[in-house]
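This briefing is meant for someone meeting the structure for the first time. Please look over the sequence and the model shown below before reading on.

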Amino acid sequence: MIDILNILLTDSFWAASLRIATPLIFGVLGALICERSGTLNLGIEGIFVVGAMCGWMATWLGAGLWGGILVAFLCGAFFGLIHALLTVPLGLSQHVSGLGITLFATSVSYFTYRTALPDVSSPPRIEPFQPLDIPILSDLPFIGLVLFQQTALTWLALIMVLLVWYVLNRTNLGLAIKAVGDNPNSVDAQGLSVYAIRMWAIVIGSALMALGGAFLTMSAFDAFFFGMVNGRGWVCIALVIFASWRPGKALIGALLFGAFDALQVRLQTEMGALVPGQVFLMAPYVLSIAALVIAARSADYPRALLTPWYKGQR
Amino acid sequence: MEASTVLKLNGLAKRFGSILANDDVTIHLQKGEVLALLGENGAGKTTLMNMLFGHYLPDSGNIEIKSVNDDFVPLELGNPSAALTAGIGMVHQHFTLAENITAFENITLGAEPLFSLRRNQRKAEKKINNIMSNSGLEAPLDIPVGRLSVGERQRVEILKALYRDAHILVLDEPTAVLTPQEADALFSNLRRMTKQGLSVIFITHKMREVLSFSDRLVVLRHGKNVGSMETSNASEKKIARLMVGSETQKVFPKRITPGGPILSLNDISVAGRSKRDSLQNISLTLKSHEILGIAGISGNGQNVLADLISGLVLPDKGSILLKGVAIQNINPLNMIKLGFGRIPEDRHRQGIVGGLSVSENMVIERLDDPLIQNFGFLRSSVINDNAQTLSEKYDVRGPGIDQASRLLSGGNIQKLILARVFEQQPKIILANQPTRGLDMGAASDVQRHLIEARDRGGGVILISEDLDEILGLADRIVVMRDANLHDVNSSSREAIGLMMAGESV
Amino acid sequence: MIRIEPRAKVSNSSTIFIPIIAAIVSLLFAAIPIISAGANPLIAYVEMAKGVFGSVFAVSEMLTRATPLIFTGLAAAIAFRAKLWNIGAEGQLYLGAIAAVSVGSGFFDLPAIFLLPLIIVLGACAGAVGMVAPTYLKVRFGADEVVTTLLLNFIIIIFLQMLLEGPLQDPMGLGWPQSAPILDQGMFPPLIDRMRVHSGLILAVILAVIAHFMIKHSVWGFKLRAVGENSSAAKHAGININRSLFGVALLSGGLAGLAGVSEVAGLKGYLTADLSPGFGYAGIVVAMLAGLSPIGVLIASVFIASVFVGADSMSRAMGISSFLADLVVSVSLLCVLVGGFIAKFKIVRAGTGKKIL
């Protein structure tokens with residue numbers, strides 16, 4: 001117990017938690033926007049891969065780091081658009097379409113990577129995002145390391161939480177997104193386009209997911225590997241439910257998850273002799289299932305989630 | 001007269017597959033009048049209004065609306081947003097409200113540009129308060145709509161239309177969910193607004209409302225405008241003749257003296273999330289040779305009561321006695337085996353499995369029966385013969401007994417359910433809104449079967465929000481309100497209406 | 001503006017034509033990545049065909065690939081029929097494989113007529129166990145089984161790695177994370193001499209036929225279809241939904257477990273953590289292409305297996321990445337989805353009502 005307490009008191013632990021949480025924050029926000037508008041996006045896992053691959057490759061080809069981020073954003077939006085077309089105007093099964101997008105996006109990314117780099121023994125590297133170095137703030141005790149030595153992408157993720165919260169709760173657009181996920185007829189009867197709102201929500205949500213992927217190759221690491229997303233997308237789907245579709249709670253969920261992951265890595269080094277390391281590796285997935293079960297019967301779910309809506313049929 | 005016309009529907013027609021829902025319908029609406037649009041179920045009333053509001057695109061015809069400078073301009077068809085801008089507001093039978101957001105948010109949704117940085121809350125609030133005090137329609141604005149009562153939701157719907165400056169208001173079956181007293185209040189509020197220049201079209205099939213509240217009426221039959229008249233010249237007989245083509249006579253056979261009690265609910269409580277899905281200390285006795293009518297506005301616990309008797313819900317307290325013996329295993333299968341026949345409210349959702357064939361649906365409640373199966377394998381020839389016989393006996397028409405049952409029309413689906421239920425000679429029949437949405441022919445078939453079952457010695461529990469149906473069929477009436485049953489001493493319409501509304505008599 | 005209207009009648013032939021058209025479109029689509037990789041698509045297609053049908057060996061390889069896909073395809077098809085979204089076939093496959101090597105690699109030294117059936121039964125049971133928790137959590141807490149089964153895939157693979165570095169590790173394996181080999185009498189006998197196609201294929205085909213018959217003609221299948229089509233009506237009619245769901249879940253998990261058994265006891269002989277190149281996920285595509293029909297699963301598995309084997313062989317001949325196969329498979333899934341839409345709905349021009357498609 002003392003060990004855990006010691007770990008919890010170190011600033012490096014909290015810095016790592018926030019770092020691990022960053023891609024999840026992007027992913028949960030993206031999934032949250034999609035689901036708030038009424039569409040489950042199981043394409044998330046594949047869109048993470050696309051973001052990771054495209055962002056990295058664009059940077060490697062000389063687009064610059066922010067150029068890479070833009071490319072990842074657009075590629076995520078593209079795959080989101082496919083999912084949007086299939087599930088919104090065509091009203092196809094959101095489960096199957098999402099899984100199809102994941103398989104498609106993953107294989108496109110892998111094929112492109114392999115085709116561009118046929119035989120390399122060690123993957124090429126880029127110069128990733130560096131920790132911010134803000135003169136006074138970064139030198140502050142504790143929070144200096146935790147908050148002010150993160151990379152710009154972590155800050156972007158935190159800003160996104162605020163932005164998504166603001167849009168959902170303070171603007172007409174957010175109102176329309178919430179209403180369309182709750183009862184599309186309410187939006188249609190007020191003369192707004194159900195299709196347009198839902199499709200844009202999926203496209204933007206997917207683009208955010210891709211940023212989560214891009215963080216992996218452009219900030220956490222500096223190269224692309226096969227299988228590097230490793231279920232992070234699915235974890236986000238569980239976290240959205242845990243967060244009851246609220247941006248603030250989504251941040252908390254991602255941070256809790258990040259903290260747990262950071263803790264298990266540290267416990268592994270201290271207790272590795274007693275327990276097989278895999279027990280710790282399993283923990284995040286078990287935790288996700290637990291989070292899902294705890295929050296499964298939340299009252300304010302988007303009532304039209306998974307239900308397609310066709311114009312002119314009521 | 002022409003000078004005060006505000007809206008013209010000219011020769012509108014709409015076809016769905018093989019069904020002609022509207023055929024060359026022309027209607028003119030005057031300023032400040034209340035126009036009732038009457039017709040049987042399926043006569044095309046809702047389709048017509050959905051075309052007016054842009055939900056459906058007419059196959060032919062057009063709509064003209066009076067503009068500010070007094071000339072008629074064509075309305076862009078198939079676009080709800082154009083209808084809104086032109087000042088047409090519609091209150092749908094199934095409310096178009098998002099339940100997770102507040103009434104205020106529902107009302108203002110879409111009224112301001114989507115891409116602005118913030119909402120102008122203050123100004124909107126002022127406008128809504130103004131409308132509320134002018135119209136007399138009050139509703140709480142700042143709690144999620146999911147927590148409002150049905151009456152409140154309807155007022156929010158109307159406020160929504162008025163907020164968008166509607167001067168033509170369309171109401172689709174506005175009183176279906178209201179008590180007679182609530183309905184009266186609604187109409188007097190509407191009257192107040194028509195004096196201020198609002199024009200109202202309301203869709204209904206209730207004669208009483210038409211005669212008491214409208215200025216003029218238009219009758220649709222099989223999608224056609226078959227006649228319009230000033231309400232002052234109309235009578236029930238005249239209207240009925242127009243609606244069904246000939247005068248209807250509702251003849252209910254004379255009553256038989258009930259026998260001994262066969263089913264009793266003893267002080268039963270079910271705790272639900274709200275009053276809509278709870279029962280509080282309910283006791284009820286059903287006798288043989290009896291139709292017990294349960295009147296009440298929907299959403300007062302009728303569905304829990306139905307689920308309880310169907311075996312879908314377990315009582316938290318109390319017991320169900322069948323001929324004096326408490327039922328131990330309350331589950332749907334056991335209830336079927338004990339001789340309960342259940343006609344569910346939502347036939348598509350609970351009555352049939354749409355993807356299974358007609359013949360499969362006819363045996364779905366008796367899969368344990370050795371006549372149907374051999375060692376776990378279906379005897380398809382028996383199943384098909386059974387379906388063939390029952391389809392003829394109960395006049396179930398459709399594309400074939402081996403086809404998916406979802407292809408049947410609503411009336412035929414109900415006949416399929418009747419065949420399945422009544423062929424087992426049930427001792428107790430639960431009929432929950434059995435004629436809702438059916439045309440007169442199918443509805444009278446259903447009523448005939450209920451009466452036959454009663455005459456055979458069964459007990460029937462008839463849950464219906466159609467007071468006329470209850471008054472015509474039931475041997476005894478109780479009123480359901482706020483998750484409770486209340487005995488009725490008088491059989492007058494007014495007294496029952498007051499009980500439904502919660503006043504003590 | 002266009003508008004979507006349901007077709008009055010869905011033609012019966014569409015269930016056959018849609019998957020075929022989807023398969024063809026996805027193969028044609030492959031030309032885009034092939035060209036972008038700088039190769040001639042016509043030559044590539046010929047190479048693919050040669051790799052699948054060019055020799056008895058090629059056909060044997062293809063059928064070997066199809067065998068686990070039939071099992072995982074059936075697992076998905078049966079579960080999806082009951083609207084139980086089991087996406088965890090990948091994990092359940094490994095559970096089956098773990099059971100197979102646990103009992104098959106010397107724990108019981110039984111003759112073949114006892115050992116192989118024992119391996120099969122225990123493997124299926126292990127796969128079924130993988131569905132217990134997700135189904136319980138769905139029934140009891142309403143937790144979405146898509147997410148729980150997906151996450152379980154990761155948990156099971158980590159669990160497997162733990163076993164392969166611990167109790168299941170082959171003492172003779174020089175420290176590699178792999179299990180001891182299954183005894184010879186525990187292996188599926190090969191169907192053709194010196195070829196890899198094994199009798200697991202026969203088992204798969206038999207199970208597909210049984211599944212087809214059961215779904216169509218048994219009370220159990222009736223209930224499964226009723227629950228999948230409309231669970232509230234099924235419940236109202238006296239069908240025990242939870243029992244049906246659990247039954248389907250166990251069966252689906254068991255079938256996926258058999259995919260692991262057949263891979264490890266039919267092909268590899270020992271277990272490693274990379275036994276399956278995504279057979280569980282490909283099984284979903286197989287099931288969808290098959291229109292959730294067990295007999296269709298047989299055909300769809302052959303198609304998907306051909307794509308994989310053909311792309312592998314083309315990759316060796318022309319140096320195009322074999323990820324092309326995954327690309328074709330995923331596109332075929334999206335195509336069959338869209339095809340299903342076109343069969344059920346028609347697209348009409350809003351103004352005139354004229355039919356476009």
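In this predicted model, the contact between chain C and chain B is formed by 19 residues of chain C and 26 residues of chain B. On the side of chain C that touches chain B, the elements that give two or more residues are α9 (219-229) and α10 (231-236) of chain C, and the largest share, six residues, comes from α9(C). Sorted by class, that side of chain C has nine nonpolar, seven polar and three charged residues.

- Chain A holds 13 helices and zero strands, so that, read from the N terminus on, its elements run α-α-α-α-α-α-α-α-α-α-α-α-α.
- The radius of gyration of chain A is 20 Å, close to the 20 Å that the globule rule gives for 314 residues, and chain A is therefore as compact as a globular protein of that length.
- Taken along the principal axes, the C-alpha atoms of chain A fill a box of roughly 60 × 45 × 40 Å, and 57% of the 314 residues count as buried.
- Among the contacts in chain A with a separation of 6 or more, 78% are accounted for by residues 24 or more positions apart.

- Chain C has 14 helices and two strands.
- For the 357 residues of chain C the globule rule gives 21 Å, and the radius of gyration, 22 Å, is close to this, so chain C is as compact as a globular protein of that length.
- The C-alpha trace of chain C spans about 75 × 60 × 35 Å along its principal axes, while 57% of the 357 residues of chain C count as buried.
- Of the contacts in chain C between residues at least 6 apart in sequence, 77% join residues at least 24 apart.

- Chain B contains 17 helices and 22 strands.
- A compact globule with 505 residues would have a radius of gyration near 23 Å, and the 25 Å of chain B agrees with this.
- Along its principal axes the C-alpha trace of chain B spans about 75 × 50 × 45 Å, and 46% of its 505 residues count as buried.
- Residues 24 or more positions apart make up 69% of the contacts in chain B that have a separation of 6 or more.

**Domains of chain B**

- Chain B is divided into domain 1 (2-244), domain 2 (250-339 + 426-505) and domain 3 (353-425).
- The centres of domain 1 and domain 2 of chain B, taken over C-alpha atoms, are separated by 34 Å, and the contact between these domains takes eleven residues from domain 1 and ten residues from domain 2.
- On the side of domain 1 of chain B that touches domain 2 of chain B, the largest share, three residues, comes from helix α6 (residues 180-195) of chain B.
- By class, that side of domain 1 of chain B has five nonpolar, four polar and two charged residues.

**An antiparallel sheet in chain B**

- Four strands of chain B form an open sheet in the order β2-β1-β4-β5, with antiparallel pairing.
- The edge strands of this sheet are β2 (19-30) and β5 (72-74) of chain B, each of which pairs on one side only, and the twist averages 20° from one strand to the next.
- Strand β4 (residues 60-66) of chain B is joined to β5(B) by three bridges, the two running antiparallel, and Val73(B) in β5(B) is the bridge partner of Ile65(B).
- Helix α1 (residues 45-52) of chain B packs on the sheet, where it touches β1 (5-16), β2 and β4 of chain B, and its direction makes about 115° with that of β1(B).

- Strand β19 (residues 428-432) of chain B is mostly covered, since five of its five residues are buried.
- Both faces of β19(B) are covered, with Ile428(B), Leu430(B) and Asn432(B) buried on one side and Ile429(B) and Ala431(B) buried on the other.
- β19(B) pairs in the parallel sense with strand β16 (residues 340-343) of chain B over four bridges, and Ile428(B) in β19(B) is the bridge partner of Phe340(B).
- β19(B) also pairs in the parallel sense with strand β20 (residues 459-463) of chain B, over five bridges, and here the bridge partner of Asn432(B) is Ile463(B) in β20(B).

Notes:
Residues are numbered from 1 along each chain as its sequence is written. Chains are lettered from A and ligands numbered from 1 in the order in which they are written. This is a predicted model: local features need pLDDT of at least 70, side-chain atom pairs count only at pLDDT 80 or more; totals for chains, interfaces and linings use all residues. Two residues are in contact if their C-beta atoms, placed from the backbone, lie within 7 Å. Ala, Val, Leu, Ile, Met, Phe, Trp, Tyr, Cys and Pro count as nonpolar, Asp, Glu, Lys and Arg as charged, and the others, Gly among them, as polar. Two strands pair if DSSP finds at least two bridges between them. Axes are lines fitted to C-alpha atoms, for helices over the stretch in contact, and angles run from 0 to 180 degrees between N-to-C directions. The radius of gyration is taken over C-alpha atoms; the globule rule is 2.2 Å times the number of residues to the power 0.38. A residue is buried if 20 or more other C-beta atoms lie within 10 Å of its own, exposed if 12 or fewer, and partly exposed in between; C-beta atoms are placed from the backbone. Domain bounds come from an automatic or database domain assignment.
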